[in-house]
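Trainee: I have a new structure to look at and would like to learn how to read it. Could we go through it together?

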Amino acid sequence: MNTEIFKTKLEEEKKLIEEELGDIGRIDTSTGEWEATPESQSSPEADTNDLSDRTEDYEERSATMSTLNSRLEDVDLALDKIKNGNYGICESCGKEIEEERLKANASARTCTECMNK
Ligand SMILES: [Zn+2]
């Protein structure tokens, strides 16, 4: 399998996720982990697209943040797998994940069959 295209996709996705995280949170310098920032710290000169984000309360930010964090973990894991040469192997049954599935979701950890179980 040509992992280069997936590597590029994953790196792009990682960048996007980190940008989204940067919109609603910041990295805690002591733990190195992302945390949601309180509403009051958001920039007042938000454009219209950001407005819905800005009006979300802190809990919603935290929920979004944990979703983004788990996506980021999956992406990091997939990038590790590429480095270690075991990318595209289903974590559940050990078979190769369908290339079509990886094209739709480059950080997929299981094959379609296991996902549907
Ligand atoms: Zn499987």
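Mentor: Gladly! Let us begin with helix 1, residues 4–24: at 1.5 Å a residue, its 21 residues should span 30 Å, and its end C-alpha atoms are 31 Å apart, which agrees. The expected span is 1.5 Å times one less than the number of residues. Helices here are DSSP runs of H or I with at least four residues, strands are runs of E with at least two, and both are numbered from the N terminus. Before we go on, please keep in mind that this is a predicted model, where local features need pLDDT of at least 70 and side-chain atom pairs count only at pLDDT 80 or more, while totals for chains, interfaces and linings use all residues. Residues are numbered from 1 along each chain as its sequence is written, and side-chain values use heavy atoms, with hydrogens and water left out.

Trainee: Which residues of helix 1 are buried?

Mentor: The general idea comes first: an α-helix has 3.6 residues a turn, so residues three or four places apart point the same way. In helix 1, the buried residues are Phe6, Leu10, Ile17, Leu21 and Ile24. They cover an arc of only 60 degrees around the axis, which puts them on the same side of helix 1. That arc is taken from the directions from the helix axis to the C-beta atoms. Lys15 and Leu16, on the other side of helix 1, are exposed. Here buried means under 20% relative accessible area, exposed means over 50%, and partly exposed lies in between (1.4 Å probe, protein chains only).

Trainee: What do the buried residues of helix 1 pack against?

Mentor: Their partners are strand 1 (25–27), strand 2 (34–36), helix 3 (58–84) and helix 4 (99–104). We speak of contact when heavy atoms are within 4.5 Å.

Trainee: How many helices and strands are in the chain?

Mentor: The chain has five helices and two strands. Read from the N terminus on, the elements run α-β-β-α-α-α-α. Of the 117 residues of the chain, 28% count as buried.

Trainee: Now the metal. Which residues are the protein donors of the zinc ion?

Mentor: Donors are N, O and S atoms within 2.8 Å of the metal (3.2 Å for Na, K and Ca); water is not among the atoms, so sites may look incomplete. For the zinc ion, the protein donors are the SG atoms of Cys90, Cys93, Cys111 and Cys114, lying 2.3 Å from it. Along the chain, these donors follow the spacing C-x2-C-x17-C-x2-C.

Trainee: What is the geometry of the zinc site?

Mentor: Four donors count as tetrahedral if all angles lie between 85 and 135 degrees. The site of the zinc ion is tetrahedral, with angles of 103 to 116 degrees among its four donor atoms. As for cover, Cys90 is buried at 3% relative accessible area, whereas Cys93 is partly exposed at 34%.

Trainee: Where is Arg109 placed, and what is it in contact with?

Mentor: Arg109 sits in the loop between helix 4 and helix 5 (112–115). Leaving aside neighbours within four places in sequence, Arg109 is in contact with several residues, among them Asp74, Leu77 and Cys90. Arg109 and Leu77 are 32 residues apart in sequence and 8.9 Å apart in space, C-alpha to C-alpha. Arg109 is partly exposed, with a relative accessible area of 34%.

Trainee: Is Ser107 buried or exposed?

Mentor: Ser107 counts as buried, at 7% relative accessibility. Ser107 lies in the loop between helix 4 and helix 5. Not counting residues up to four places away in sequence, Ser107 touches Leu10, Glu13, Asp74, Val75 and Ala78.

Trainee: And where is Thr37 placed?

Mentor: Thr37 is in the loop between strand 2 and helix 2 (48–55). With a relative accessible area of 10%, Thr37 is buried. Its contacts, leaving aside neighbours within four places in sequence, are Ile24, Gly25, Arg26, Tyr58 and Arg61.

Notes:
Tetrahedral: all angles 85-135°; square planar, octahedral: opposite > 155°, others 65-115°.
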